[in-house]
Amino acid sequence: MAEEKGLQSLVNPRSRTVRGEEERMLEAQRLRKEQLESLYNMERPNIDYAQIAEDAYEGFKAMDTADQIALGTSFVPILGDIAGGIADTRTLINEPSLRNLGFLLAGLVPFVPSGGVVKAGRGAYKAAAQKAATNAKNEIRNFYGGAGQAQKVAAAGSTIPEGIVNVLRARYDPKAKALQEEYIISVDDRKASQNAIKVSEEVTPVLRPMEEQIRVMKKDGSAYTGEVRVVKSGKNKGKEVKVKTEEFKNLIDEAKKLRSKANTAGKVAMGQGNQTRAMTSQYFGPEATGLQGIHKNIDQVDHIKTFKTFNQDDYFKTVGDLIPSGTGKEGVEEIFKQIKTLPAIGYNPKKNYQMNIRRVQTGSSGVLDQGPDARLFYSNKIGEDGRASLLDIKKEVFFRLPTKASKEKKLQGFNTDKEFLEALDKTGINILNRDEVLKGKPAVITGDATTDAYEIGGANYMTAIDKRGKVTQIVNDEHDLLSRKIPKTNIEVGKLPGADRFMNVSEPIVLDLINPAKKTTNIQKKAKDKLKKQKDEASDLAIEEYLKIPGVDISGKLPAGFKTKEAWARAQAVAKIQPTNKDYSRLIKEATIGSPTRVVRALEEDEQKNKRGGGSVIERNPYNYPPRSI
């Protein structure tokens with residue numbers, strides 16, 4: 001006797017006592033065969049495949065439980081499996097557990113690149129992986145709230161259910177699939193932009209009267225009590241300021257909360273789009289970034305240029321004129337060495353890294369320059385709470401007695417490399433290139449901070465300081481998530497499968513700790529003006545394209561949540577653009593040709609068997625489902 005497998009073994013008539021079950025199964029098989037034959041008959045003029053797919057999709061979308069969906073979509077074999085996967089996803093969201101996640105993943109074989117995709121070639125595999133990856137949620141709440149990797153893993157894990165739902169929609173929702181194919185807009189790109197617009201529309205009419213009231217109260221003096229106080233700390237330490245009334249303070253706090261809510265929603269939308277752009281570039285190369293529609297327009301608004309490889313030559317050719325000559329260039333060279341060799345960064349020389357030069361000032365997409373007072377660097381000797389800023393370094397290293405006979409400290413550089421290194425050592429900040437400093441190179445230190453650029457998140461701040469107090473800082477961040485190497489192996493997790501690595505580096509941030517008022521050179525000024533002009537032109541071109549999309553309107557005053565009209569128009573474009581045609585190809589293909597199945601939740605249903613009259617749905621088989629193997 002041949003061994004019975006899969007669901008057929010569960011409905012073996014010899015193991016059941018329900019009268020007539022075998023006959024019902026045979027009848028169900030006959031009916032299913034007739035249904036499939038009718039679907040395969042492409043010459044029949046009365047069959048509208050797009051309408052069949054649309055009706056089926058609308059049917060399972062409206063239902064809530066796995067049994068209802070299975071019943072409603074039983075006439076198209078695959079749709080019951082799709083809908084069952086959606087039901088499992090709902091269960092996972094409502095009851096997060098490894099058990100429920102296991103049920104879902106076991107049943108979602110169609111949603112990962114299959115052996116057939118791999119056999120179809122590397123291009124097909126990369127296309128499938130790119131579509132799946134871009135539907136991951138970029139915003140991870142509480143990611144930076146914990147103290148260690150475990151908290152980050154937990155925070156990232158909380159986004160998995162929504163990411164799976166996004167993949168489901170991108171695969172089977174005809175509109176979502178068409179948007180991804182035609183414009184490279186993922187499900188979460190659209191959701192994030194729609195939310196940003198919604199929050200902005202809710203906040204703006206409430207915030208504007210508050211802001212007007214704040215202006216009036218400042219002007220007529222009702223914002224203050226008439227008393228003054230002395231600031232005890234911070235950059236305004238020692239300064240006398242007016243004491244605010246409680247009413248005014250409460251008004252300011254409420255306005256600040258509303259403004260922050262809208263700004264965050266806007267930044268999340270911009271970050272989600274930039275994540276999609278980065279992932280697309282990682283799979284298909286920098287020349288393909290965004291490369292259709294909206295993502296093409298933002299390329300030079302938030303970014304200067306993306307290169308196929310990570311190298312300092314292209315960096316210098318592109319933004320080198322922003323860097324002071326001499327030690328400034330040497331500082332960048334030292335920074336690039338450290339990015340490639342510092343274990344904390346984890347640069348893998350065996351992998352190809354694209355280099356994305358990102359703008360520092362990008363409005364709603366984030367500002368990377370933290371300012372000289374930001375405490376980026378770890379130190380147990382200067383600063384506060386174990387962190388030190390460039391201003392702390394300025395005070396502790398360069399504010400000193402010029403000679404032994406001097407009685408007054410002054411800001412001054414060092415004559416020898418050894419003196420400079422010794423003074424910097426006293427700060428307790430780790431110097432990454434000590435030997436090179438003694439050879440006259442700038443000292444490189446590294447710090448970190450959480451940026452408000454959502455596709456970057458936390459980033460390294462590689463900082464070169466020379467003995468004359470000149471600073472060149474580059475923000476660098478590899479585009480990955482929870483990237484770690486498994487101990488005692490060469491396996492890295494958190495990277496996009498089959499894709500290039502992607503290293504973000506900012507245009508240089510240049511400071512002079514001793515002569516902060518010193519004017520930039522003409523070369524630096526021209527380079528800065530050139531880059532600004534490029535950004536402005538890119539913004540104008542982008543807005544021109546966005547306005548062609550029905551429903552995009554940026555007339556009137558800029559609303560809360562968006563720093564520029566380009567960002568406002570961009571969010572509307574992503575939220576409102578419609579595909580040329582809905583894409584039913586996946587539904588038609590899987591309804592008429594393929595018949596993948598999902599794992600039966602036998603254990604879950606067995607727990608409810610008493611409530612349902614005994615036995616699982618499979619055991620009772622109330623709808624005469626034909627047997628299907630796993």
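## Salt bridges, cores and a helix pair

The side chains of Glu-212 and Arg-215 form a salt bridge, with N and O 2.8 Å apart. A salt bridge here is a side-chain nitrogen of Lys or Arg within 4 Å of a carboxyl oxygen of Asp or Glu. The model is predicted: local features need pLDDT of at least 70 and side-chain atom pairs count only at pLDDT 80 or more, while totals for chains, interfaces and linings use all residues. Residues are numbered from 1 along each chain as its sequence is written, and side-chain values use heavy atoms, with hydrogens and water left out.

**Salt bridges**

How many salt bridges does the structure hold? The number is 20. Side chains of opposite charge can pair when their charged atoms come close.

Glu-212 and Arg-215 both belong to helix α12 (residues 187–220), where a spacing of 3 residues puts about one helical turn between them. Helices (H or I, at least four residues) and strands (E, at least two) are DSSP runs, numbered from the N terminus. Glu-212 has a relative accessibility of 40% and is partly exposed; Arg-215, at 47%, is also partly exposed. For these classes, buried means under 20% relative accessible area, exposed means over 50%, and partly exposed lies in between (1.4 Å probe, protein chains only).

Another salt bridge joins the side chains of Lys-177 and Glu-181, at 3.7 Å from N to O. This pair sits in helix α11 (residues 174–183), 4 residues apart, again about one helical turn. Lys-177 is buried at 11% relative accessibility, whereas Glu-181 is partly exposed at 34%.

Arg-387 and Asp-448 also form a salt bridge, their closest N and O atoms being 3.1 Å apart. Arg-387 is in strand β6 (residues 387–388) and Asp-448 is in strand β9 (residues 443–450), so this pair ties together parts that are 61 residues apart in sequence. Asp-448 is partly exposed, at 26% relative accessibility.

**Nonpolar cores**

In soluble globular proteins, nonpolar side chains tend to be buried together. A nonpolar core is a set of buried Ala, Val, Leu, Ile, Met, Phe, Trp, Tyr and Cys residues joined through side-chain atoms within 4.5 Å. Which residues have the most contacts inside the largest core? They are Val-203, Ile-294, Tyr-546 and Ile-577, in a core of 40 residues. At least two residues of this core come from each of α11, α12, α13 (246–284), α14 (294–302), α20 (522–546) and α21 (565–576). Another core, of 32 residues, lies apart from it and includes Val-360, Ala-388, Leu-390 and Ile-429.

Contact means heavy atoms within 4.5 Å. Beyond its neighbours within four places in sequence, Val-203 is in contact with Leu-258, Lys-261, Ala-262 and Ala-560.

| Residue | Relative accessible area |
|---|---|
| Arg-570 | 4% |
| Gln-180 | 5% |
| Pro-286 | 14% |
| Lys-267 | 16% |

Arg-570 is placed in helix α21. Its contacts include Met-270, Asn-274, Ile-294, Asp-302 and Tyr-546.

Gln-180 is found in helix α11. It touches Lys-131, Thr-134, Asn-135, Ala-170, Ile-185 and Ser-186. Gln-180 and Thr-134 are 46 residues apart along the chain, and their C-alpha atoms are separated by 9.4 Å.

Lys-267 belongs to helix α13. The contacts of Lys-267 are with Ser-364, Asp-452 and Tyr-454.

Pro-286 lies in the loop between α13 and α14. Pro-286 touches Ser-281, Thr-306, Phe-307, Lys-308 and Gln-354. Between the C-alpha atoms of Pro-286 and Thr-309, 23 residues apart along the chain, the separation is 9.7 Å.

**A helix pair**

Helix α15 (residues 312–319) and helix α16 (residues 327–341) have axes that come within 11 Å and cross at roughly 145 degrees. Axes are lines fitted to C-alpha atoms, for helices over the stretch in contact, and angles run from 0 to 180 degrees between N-to-C directions. The residues making the contact are Gln-312, Tyr-315 and Phe-316 of α15 and Lys-329, Val-332, Glu-333 and Phe-336 of α16.
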